[in-house]
Amino acid sequence: MNNHDDNQKNTILNDAEKNLLMDHNYDGIEEFDYPLPSWWLWTFIAGGFFAVFYIYLYNFAGAPSLAQEYQKELAKVEAKREEQRKLTGNFDAAAYKVWNERPESVQQAALVYEENCLSCHEEKGKGDIGPNLTDSHWLNLKRVTAGDIYGFILVGNEDNGMPAWADELSKEELFAAVKYVLSVHNTNAPDGKEPQGVEIK
Ligand code: HEC
C-alpha cells in the first residue's frame with residue numbers, strides 16, 4: 001500500500017475530484033489539475049504581448065530613450081523660461097533682492113514714483129490718468145510679481161498712455177518703481193479710481 005492509497009483513506013473525494021488528481025505524489029502531498037483562473041491566464045498572455053511590443057518599440061522602432069525624453073522636457077522648460085524672460089525684460093531677481101533690502105530703498109522708491117509716476121497715477125497710486133495701483137485689478141499683468149511689474153514698466157503700453165521706461169530710468173530706478181508699485185498694491189485707497197481689468201488674487 002503506497003502513500004497515495006494511504007491518504008485516500010483519510011480524504012473524502014468525490015469521483016470528479018478523483019479524476020482531477022494529478023498522478024504525482026510528494027510525501028503525501030497531491031494536487032488537483034484545476035485550470036488557471038482565466039483572469040490570471042489572460043493577464044499573463046497580455047503581459048507576454050506587452051513585453052514583445054515594448055522590446056520592439058524601444059529597441060527597433062526608435063521610441064525615445066529616457067535621456068531623449070528628458071532633453072525634450074528640458075527644452076520645453078527652457079522655452080517657458082525664455083517666454084518669461086521676455087515678459088520680465090530679463091529682470092535680475094537676485095540684484096532686486098539685494099537692492100530691496102537696503103534701508104534707503106524705501107526713500108528711493110518714493111522719490112522715483114514722485115518724479116515719474118505721480119502725475120498720472122496720483123498720490124499713493126490711487127489712480128487718475130493711469131489706473132488705480134492699490135486694488136487687485138490689472139489691465140496688463142498676468143501675475144503680480146516684481147519681475148512681471150518690472151517687465152511691464154520697461155515697455156509700458158504707449159497706445160493707452162503708459163510710457164515705456166526702458167530708456168528713461170536706470171536699473172535701480174526701475175527697481176524703485178517696482179518696489180513702490182508693490183508697496184501700494186492691495187492697500188485699496190479709499191478714494192481710489194474704480195477697478196480696471198482683471199482681478200488677480
Ligand atoms: C503719462 C501718464 C503715465 C505715467 C507718467 C505713468 N503711467 Fe503707468 N499707466 C498709465 C496708463 C494710462 C496706464 C494704463 C495702460 C492701459 O490701459 O493698459 C498705466 C499702467 C500702469 C501699470 C499697469 C496697471 C495695470 O492695471 O495693468 C503700472 C504697474 C504702471 N502704470 C506703473 C507706472 C509707474 C511705475 C510709472 C512711473 C515710472 C508710471 N506708471 C508712469 C499712465 C502713466
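In which helix does D148 lie? D148 belongs to helix α8, which spans residues 146–155. The views below show a predicted model, in which local features require pLDDT of at least 70 and side-chain atom pairs count only at pLDDT 80 or more, while totals for chains, interfaces and linings use all residues. Residues are numbered from 1 along each chain as its sequence is written, and side-chain values use heavy atoms, with hydrogens and water left out.

View 1. Helices are DSSP runs of H or I with at least four residues, and strands are runs of E with at least two, numbered from the N terminus. D148 is buried, at a relative accessible area of 6% (buried: under 20%; exposed: over 50%; partly exposed: in between; 1.4 Å probe, protein chains only). Its side chain forms a polar contact of 3.1 Å with the side chain of R143. Such a contact is a pair of N or O atoms within 3.5 Å; within protein, one must be able to donate a hydrogen and the other to accept it, and residues adjacent in sequence count only if both atoms are side-chain atoms. Beyond four places in sequence, the contacts of D148 (heavy atoms within 4.5 Å) are Q84, L87, T88, L141 and R143.

**View 2. The iron site of the ligand**. H121 (NE2) and M162 (SD) are the protein donors, 2.0 to 2.2 Å from the iron atom. Donors are N, O and S atoms within 2.8 Å of the metal (3.2 Å for Na, K and Ca); water is not among the atoms, so sites may look incomplete. H121 lies in helix α7 (residues 118–121) and M162 in the loop between α8 and α9 (171–184), so the pair ties together parts 41 residues apart in sequence. Both H121 and M162 are buried.

**View 3. Residues around the ligand**. The ligand is surrounded by 22 residues (each with a heavy atom within 4 Å of it), of which the closest are C117, C120, H121, N140 and M162.

**View 4. N132 in the loop between α7 and β1 (137–138)**. N132 is buried, with 6% relative accessibility. Its side chain makes a polar contact of 2.7 Å with the side chain of T134 and reaches the backbone oxygen of K193 at 2.8 Å. Leaving out residues up to four places away in sequence, N132 touches G125, K126, G127, G192, K193 and Q196.
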